[in-house]
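Today I am looking up one residue and its surroundings.

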Amino acid sequence: MSAIPVAPGTALCRIGQMDDPGAQEYHAGASASVLVLREGERVTAYLNRCPHFQIPLNSRPAHFIMAGKGLLMCAYHSAVFRFSDGACVEGPCAGSQLTQVAIRLEGDLVVAA
Ligand code: FES
């Protein structure tokens, strides 16, 4: 089980600064980050760690690959994850799950809950 690397109340990003659909990374120390995903009014957050090899989903800073409506692709071996629940729906770790990070919205601000 992965520990969530952000304390409750930590401001992660602003929705108004994200693409729609879009992804934003919050760095929580040297080796961990939180991935915030936005599609319309819906915002979800997960540890930025692919369950396939336990490495970040992006190979370049702040660059995430959209794979269709509400879907994100890991940059390494193309596993595809749903924004809505973090489930891997295609690829080498199909059936696995991203680790959800609880959030709340304070206006435009996405905050760890
Ligand atoms: S590390 Fe993500 S699909 Fe292999």
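I started with Asn-48, which counts as buried because its relative accessibility is 5% (buried means under 20% relative accessible area, with a 1.4 Å probe and protein chains only). A caution for myself: this is a predicted model, where local features need pLDDT of at least 70, side-chain atom pairs count only at pLDDT 80 or more, and totals for chains, interfaces and linings use all residues. Residues are numbered from 1 along each chain as its sequence is written, and side-chain values use heavy atoms, with hydrogens and water left out.

Next I asked where Asn-48 sits. I found Asn-48 in the loop between β4 (42–47) and β5 (65–66); strands here are DSSP runs (E, at least two residues), numbered from the N terminus.

Then I checked the partners of its side chain. The side chain of Asn-48 makes a polar contact of 3.2 Å with that of Glu-25 (a pair of N or O atoms within 3.5 Å, one able to donate a hydrogen and the other to accept it; residues adjacent in sequence count only if both atoms are side-chain atoms). I also noted a polar atom of the Asn-48 side chain 2.8 Å from the backbone nitrogen of Leu-57.

Last, I followed the chain back to β4, where 5 of the 6 residues are buried. I saw β4 pair with β3 (residues 33–39) in the antiparallel sense over 6 bridges (pairing takes at least two DSSP bridges). Arg-42 in β4 is the bridge partner of Glu-39. The two strands, β3 and β4, form a hairpin with 2 residues between them, and Gly-40 in the turn has a positive phi of about 65°.

Notes:
Helices (H or I, at least four residues) and strands (E, at least two) are DSSP runs, numbered from the N terminus. Buried means under 20% relative accessible area, exposed over 50%, partly exposed in between (1.4 Å probe, protein chains only).
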